[in-house]
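Here is a short report on a two-chain model. Please keep the sequence and the structure open while reading.

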Amino acid sequence: MAVLKTRFGGDRGALFLLALKTGFLTLVTAGIYRFWATTRLRRWYWSSVRPGGAPLEYTGTALEKLAGFLLALILLAFVLTAINFAGIAVSISAMEQNSWAFFGAVAGVPLAILPLIFFARYRARRYILARTCWRGIRFGMTPGAWGYAWRATMYLFLTLATGGLLWPLMTFRLEKYLTDRTWYGNARFSQHGSAMRLFGPLLPFIACLWGGGGLLTYFAMTAVDFSATVPAINPRAPAWPLFAGMALLSLTFLFALYYRVASVRVLVALKDLGDGIEFDLWPRTRRIVWIYFWGYVRTYFATGFAYNVVFGFVFAVAWVFGDLDASQMQGLIENPPANLLVTLAVLTFLMVTLFARVFRQAFFIYPMVQHISETLEIHQPELLGGIRQRDADSRTDAGGFAEALDAGAAF
Amino acid sequence: MEEALRNEEFAAKLALTYAELFDGISPVKQRVSLRIKDTLLEIKNVETHAQMHWSLHEMREVPDHSENEAMIFAPDNVGTARLIIREVRGLAALAESGAEFRPLQGPPGQFRRLGIMAVLAAASFVGLLFGLVPWFADRAAERIPPAAEIALGEQLYNQVYTVQGATDCLAPEGLAALSRMENRLTDGVDMDLPLTVRVVRDPTVNATAITGGQVTIHSGLLAAAETPEEVASVLAHEIGHVVNRDVTRAQIRAMGSYGLVGLLFGDVFGFSATAAAASVASQLIDASFSREAEGRADEFAHAMMEDAGLPPEAMASFFGRLQAQRGEVDLGALRHLSTHPDLRDRIAAASAAGDAAVRSGPPVLTDAEWQALQAICGAGPAQEGPTAGAEK
């Protein structure tokens, strides 16, 4: 049977220059250019992912992204104000009993925003799919953001309430909700299988979380004396449950990542498109951990290095052309005037932000996209011939909700 | 070959180059030959000989493409068909024959939509931040039960002063003088909330009013004042804030607009910068409300001084002297400048009120009482202490 493998092309140097140019313009335009920056970076990344040699294409435009952002701003401003007012009204009526309720109700406001964040994510995904083409055919997603928002909120609480045990249920049901609403041309994607397939990959995570939690509880019950006014630790009690518990809890992050990656492998293998086009996606946890670690190390050092080079250059120019002799220069360094310090602090902040973003693209997002896309395989591609174009989806906020709520993707 | 090219009829049939076509209807890759026909590009399927024609003028290049070995073209800004040309000679020939390789842009009409959205967004934010939220805060402030507001005020006082290390000044004779001054001002005034007036050890020339009738005079202000009437005029100003419930309303306003300004900045420079920018913007909005509140408190103070038979211009002389001594910038840190209207305006307002005033009453404190008040924190100059509190 025929298989389409995926090639990742595109040169890291070109990406670096594109990220530097767009990042710089974003800074000097006080953030307005970020819609153009995101659009251009997406175009670049999409075109470097080439299943069967044909690149993906991102067809979104910066202008529609900016307009969508403004639309989302208007709606969210009214929604947020309504939530705030409700919080204030509740707290004022609760104040009769307890003045601390005043603060309690205000703290409840962020919780009310949670469904909005899921709503924004669905809308952003719908926009991105509607603006993605492959082989000249559009992807698309049918409406359903509110259904996703309340389901996601409910499953999140269910997962938290069961100590993570029902995480696979949340993963599977939400993925099925999204997949079954996703289209390529006039062909629909379907998610098959069930949440049971995901419990295996979750086992190490549950073992560490519950084992670590249990050991810490055991330590607290045996070694801590709660009868005193200030709880005291009994130095003679064995300390190993404390250290073992902490070690297990720190491993949960690793196993959570393993679960996420493994569940992607399982879920992608159980999707199909149209009349039986099937997929495989084989990201490796080891590789992803390495990309995280090595990516951030390189970003950190490259940012520091670039910052020093630029400032060294600025000082050298100031020295040579600024008509300062050595003692004046020393005076400036030892006793800098306040406005110089503020200028330097602002410049430092802007430059570190810029370089960190640019290097993160080159050293972290680039290898991540490369690794994941290179593991994509499409089976039975001859069935693609039966697929036809779908209409353009113009009714979208262009990811504006995710932008305003800062619930966006990595790029 | 040379022979063939010399035959014009045959040369016209030769393809410019070969390319891959996705027709935008089906995802099947077609092998096509390209020829120039006047201002059109003829695209011909090499197997079926089906043809389509693109205008060389309308044709667009797909921008920000990461592949160096190929160029991708669209028929215009709207069409979904894509032509992938990989041969450099073919691209060169295409350029020679008049194709402009202009980058693909979005469909038309986007600027209009953007303009409408920008106007609507600006109107919404102004309407919410300066209309609906303050209106709601005024209504909500009236509905807070006084007992709860007093308890809240105590907590706030602890946060602003006690937790920061400020200590109350408690010399009995000083407290008696302070109480006499307070009674002289509030005699016959209908107060919703009982006043709690304190002096704290703090060298700044400042006084604050916070939620729940908590008025605090810094010892630095007592040291800088030359007459008890000057202190009384500042106290009257702070009582004005209490009566107008300025601080409570400002707090509810802040809660009502929580997160609104942050929306504007979204994900620009990362979380910390967004928070910083949002807080600066919020302060600017607060300052505009604050100037209005300060003006009202000043008017209230003039009326209160007059009603108590005290000279309203005491405030003018006090501020005028401070300005002469210290210069405007030195008079407390930036918060004074941002939240207090220009000193000159306040002096002018105080003098104008004083001109028309009837000054009939006895001095607010006797000399002995005034000395006791100035010594309320113990003998000697005001001690070093923390600078705390948002001046109101």
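α9(A) passes α10(A) in a right-handed crossing. A crossing is right-handed if the near helix is turned clockwise from the far one, and left-handed if it is turned anticlockwise by less than a right angle. Helices here are DSSP runs (H or I, at least four residues), strands are runs of E (at least two), and both are numbered from the N terminus.

This is a predicted model, in which local features need pLDDT of at least 70, side-chain atom pairs count only at pLDDT 80 or more, and totals for chains, interfaces and linings use all residues. Residues are numbered from 1 along each chain as its sequence is written, and chains are lettered from A and ligands numbered from 1 in the order in which they are written.

**Helix pairs in chain A**

Two packed helices are described by the angle between their axes and the distance between the axes. Axes are lines fitted to C-alpha atoms, for helices over the stretch in contact, and angles run from 0 to 180 degrees between N-to-C directions.

Helix α9 (residues 240-269) of chain A packs against helix α10 (residues 285-321) of chain A at about 125 degrees, with the axes 9 Å apart. That makes α9(A) oblique to α10(A). Angles under 35 degrees count as roughly parallel, over 145 as roughly antiparallel, 65 to 115 as roughly perpendicular, and the rest as oblique.

From α9(A), L257(A), Y258(A) and V261(A) meet T285(A), I288(A) and V289(A) of α10(A). Contact requires C-beta atoms, placed from the backbone, within 7 Å. The contact of α9(A) with α10(A) has five nonpolar, one polar and no charged residues. Nonpolar covers Ala, Val, Leu, Ile, Met, Phe, Trp, Tyr, Cys and Pro; charged covers Asp, Glu, Lys and Arg; polar covers the others, Gly among them.

A second pair is α2(A) and α3(A). Their axes come within 8 Å and cross at roughly 130 degrees. α2(A) and α3(A) are therefore oblique to each other. The crossing of α2(A) and α3(A) is right-handed. F35(A), W36(A), T38(A) and T39(A) of α2(A) make the contact with A62(A), K65(A), L66(A) and F69(A) of α3(A). By class, this contact of α2(A) with α3(A) has five nonpolar, two polar and one charged residues.

**Where the chains meet**

Chain A gives 52 residues to the contact, and chain B gives 54 residues. On the side of chain A, α2 (34-48), α3 (62-94), α4 (101-107), β5 (137-141) and α13 (400-404) each supply at least two residues. Which element gives the largest share of that side? α3(A) does, with 16 residues. The side of chain A that touches chain B divides into 26 nonpolar, 15 polar and eleven charged residues.

**The two chains**

Chain A has 13 helices and twelve strands. Its C-alpha trace spans about 80 × 70 × 50 Å along its principal axes. Of its 411 residues, 35% are buried. Among contacts in chain A between residues at least 6 apart in sequence, 74% join residues at least 24 apart.

Chain B has 15 helices and eleven strands. Of its 392 residues, 40% count as buried. In chain B, 66% of the contacts with a separation of 6 or more come from residues 24 or more positions apart.

A residue is buried if 20 or more other C-beta atoms lie within 10 Å of its own, exposed if 12 or fewer, and partly exposed in between, with C-beta atoms placed from the backbone.

**Around α8(B)**

Helix α8 (residues 228-244) of chain B has 17 residues, which at 1.5 Å a residue should span 24 Å; its end C-alpha atoms are 24 Å apart, which agrees. The expected span is 1.5 Å times one less than the number of residues. Of the 17 residues of α8(B), 16 are buried, so α8(B) is largely enclosed by the rest of the structure.

Just after α8(B) comes R245(B), with a positive phi. Most residues other than glycine have a negative phi.

| Residue | Phi | Other C-beta atoms within 10 Å |
|---|---|---|
| D38(B) | about 55 degrees | 9, exposed |
| R245(B) | about 55 degrees | 24, buried |

D38(B) sits in the loop between β2 (30-37) and β3 (40-45) of chain B. R245(B) lies in the loop between α8 and α9 (246-256) of chain B.

R245(B) is also a partner of A141(B), whose contacts beyond four places in sequence are R245(B), T248(B), R249(B) and I252(B). A141(B) belongs to helix α4 (residues 110-143) of chain B. With 21 C-beta neighbours inside 10 Å, A141(B) counts as buried.

Conventions. Contact = placed C-beta atoms within 7 Å.
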